[in-house]
Amino acid sequence: MTSVKEKLEGFYINLGLTYEEVSDNMWVISDDENNLGSVVVYAEDELVTLRAKVMDVPQENREQFFEDLLRLNAEMVHGAYAIEESSVILIDSLESNTMDLEEFQASLDSTGLALAQHYPRLAKYRKAT
């Protein structure tokens, strides 16, 4: 029986992704061509989770920002936006037992597409430095 680690690393190789194992059952995928600059994948129990930090939560216009995030969630095919501490993240979870290459690729594709299409809309809330 193939372990989740072997399964995921096989997916990375089959998809031609650049990845680094950063700890036990945790990897960082770097694929700028597909807007996946730094996606963390980790396997825990029977879930595989993909996470990408989008930006810090803005201090101004928060109500409008959160409304926009909720509206963007409705457009998502895979995953959702969430808040973790002071960061906006994009997160998706897959069942490791039934996950196949196509489902994993669909999750990555959705993450990359959301980051590319939604970031300009969200970036307007960032404070100019």
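I started at F65, which is buried at 0% relative accessibility. Buried here means under 20% relative accessible area, exposed means over 50%, and partly exposed lies in between, with a 1.4 Å probe and protein chains only. The model is predicted: local features need pLDDT of at least 70, side-chain atom pairs count only at pLDDT 80 or more, and totals for chains, interfaces and linings use all residues. Residues are numbered from 1 along each chain as its sequence is written, and side-chain values use heavy atoms, with hydrogens and water left out.

**Rings around F65**

I looked up the ring partners of F65 next. Rings of Phe, Tyr and Trp (its six-membered ring) pair if their centres lie within 6.5 Å; planes under 30 degrees apart count as stacked, over 60 as edge-to-face, and the rest as tilted. By this rule I get 6 aromatic pairs. In one of them, F65 and F66 have ring centres 5.7 Å apart and planes at 65°, so I noted the pair as edge-to-face. F66 is partly exposed, at a relative accessible area of 29%.

F65 also pairs with Y125: the centres are 5.1 Å apart and the planes stand at 75°, so this pair is edge-to-face. It links distant parts of the chain, with F65 in helix α2 and Y125 in the segment after α3, 60 residues apart. Both F65 and Y125 are buried. Elsewhere I found one aromatic cluster, formed by F11, Y12, Y19, W27 and F104.

**The sheet**

I then traced the strands. Helices (H or I, at least four residues) and strands (E, at least two) are DSSP runs numbered from the N terminus. Two strands pair if DSSP finds at least two bridges between them. The sheet is open, has 6 strands in the order β1-β2-β3-β4-β6-β5, and pairs antiparallel. Its edge strands are β1 (18-23) and β5 (80-84), each pairing on one side only. Neighbouring strands are turned by 30° against each other on average, direction ignored. Axes are lines fitted to C-alpha atoms, for helices over the stretch in contact, and angles run from 0 to 180 degrees between N-to-C directions.

β3 (residues 36-44) and β4 (residues 47-56) are antiparallel over 5 bridges. Which residue in β4 is the bridge partner of V41? It is L50.

**Helices on the sheet**

Contact means heavy atoms within 4.5 Å. Helix α2 (residues 62-75) packs on the sheet and touches β4, β5 and β6 (87-95); its direction makes about 145° with that of β5. Helix α3 (residues 101-123) packs on the sheet too, touching β2 (26-31), β3, β4, β5 and β6. The direction of α3 makes about 10° with that of β4.

**Loops**

I looked for positive phi outside glycine. D45 has a phi of about 55° and sits in the loop between β3 and β4. D45 is exposed, at 75% relative accessible area. N61 also has a positive phi of about 55°; its place is the loop between β4 and α2. N61 is exposed at 55%.

Is S96 buried or exposed? S96, in the loop between β6 and α3, is buried at 4%. Leaving aside neighbours within four places in sequence, S96 contacts V4, K7, D45, E46, L47 and V48.

**Last check**

E63 lies in helix α2 and is exposed, at 69%.
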